[in-house]
Amino acid sequence: MILSRRQLLKTSLGVSLAASVPMSLLNVWAAEAQATTLPLAIHSQDGPHRLDVEVAETASQRQRGLMEREHLPEARGMLFRFESEQPAGNAFWMYRTLIPLDIAYIDGEGRIVAINTMQPCTSDTPRECPSYPAGASYHAALEVNAGYFAERGIQVGDCVSVPALAGFCRPDAS
């Protein structure tokens, strides 16, 4: 069979487009597969409140965070873990983050030491984005959709546990 130039061009474009779609999907799946997802519980007066969280443990994972996400399911979040205690002045920011988020800073015992609500930053310049310091030393931070903590009565002093890591606090038995 002899193809005309037009048929050859159409065929080659179709093959190129078909080949590029699965690769882009594979790239998205590969990026999501790299993030570990674990169950987490926040023990409050009205709890426990259960979430599935992506765990950001490496510097690059923490730097990327929830940037460029257009949606975060209600019972999902991201847990940022640090190898050592972070100073009270260390802060998170919302550069290239599209959705409003709540952040809870968690101490080495698994207690929430501070909560902030963070709004997306629309600036193309990172230094123009506000930062959200903890105001207390912390070992981890938990980001969820804005309003999540207030809607559930979660507050400073509440306990966060991550059973798979055998970590953080044990809720009071009362």
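The model is predicted, so local features need pLDDT of at least 70 and side-chain atom pairs count only at pLDDT 80 or more, while totals for chains, interfaces and linings use all residues. Residues are numbered from 1 along each chain as its sequence is written, and side-chain values use heavy atoms, with hydrogens and water left out.

**Salt bridges**

Side chains of opposite charge can pair when their charged atoms come close. A salt bridge is taken here as a side-chain nitrogen of Lys or Arg within 4 Å of a carboxyl oxygen of Asp or Glu. The count by this rule is 6 salt bridges. Among them are the pairs in the table.

| Pair | N to O distance |
|---|---|
| Arg69 and Glu54 | 2.9 Å |
| Arg81 and Glu57 | 2.8 Å |
| Arg152 and Glu74 | 2.8 Å |

Helices (H or I, at least four residues) and strands (E, at least two) are DSSP runs, numbered from the N terminus. For accessibility, buried means under 20% relative accessible area, exposed over 50%, and partly exposed in between, with a 1.4 Å probe and protein chains only.

The salt bridge of Arg69 with Glu54 links distant parts of the chain, 15 residues apart: Arg69 is in the loop between α2 (59-64) and β3 (76-86), and Glu54 is in strand β2 (residues 49-56). Glu54 is buried at 10% relative accessible area, whereas Arg69 is partly exposed at 26%. These two residues also belong to a network of salt bridges that links Glu54, Arg69 and Arg76.

Arg81 pairs with Glu57.

Arg152 pairs with Glu74. Arg152 is in the loop between α3 (148-151) and β9 (159-162), Glu74 is in the loop between α2 and β3, and the two are 78 residues apart. Arg152 counts as buried at 16%, while Glu74 is exposed at 56%.

Val53 lies in strand β2 and is buried, with a relative accessible area of 0%. With contact meaning heavy atoms within 4.5 Å, and leaving aside neighbours within four places in sequence, Val53 touches Thr36, Thr37, Leu38, Leu40, Gly77, Met78, Leu79 and Leu142. Its C-alpha atom is 5.5 Å from that of Arg76, which is 23 residues away along the chain.

Ser161 lies in strand β9 and is buried at 10%. Its side chain makes a polar contact of 2.9 Å with the side chain of His43. A polar contact is a pair of N or O atoms within 3.5 Å; within protein, one must be able to donate a hydrogen and the other to accept it, and residues adjacent in sequence count only if both atoms are side-chain atoms.

**The second largest pocket**

A pocket is found on a 1 Å grid over the protein atoms alone, as an open set of points where a 1.4 Å probe fits, with protein on both sides within 12 Å along at least five of seven lines; lining residues have an atom within 4 Å of a point. Grid points are joined across faces, edges and corners, and a volume is the space filled by probe spheres set on the points.

The second largest pocket holds about 260 Å³ of space. It is lined by 19 residues, and those closest to its centre are Arg62, Phe80, Ala91, Phe92 and Trp93. At least two lining residues come from each of α2, β3, β4 (91-93) and β8 (138-145).
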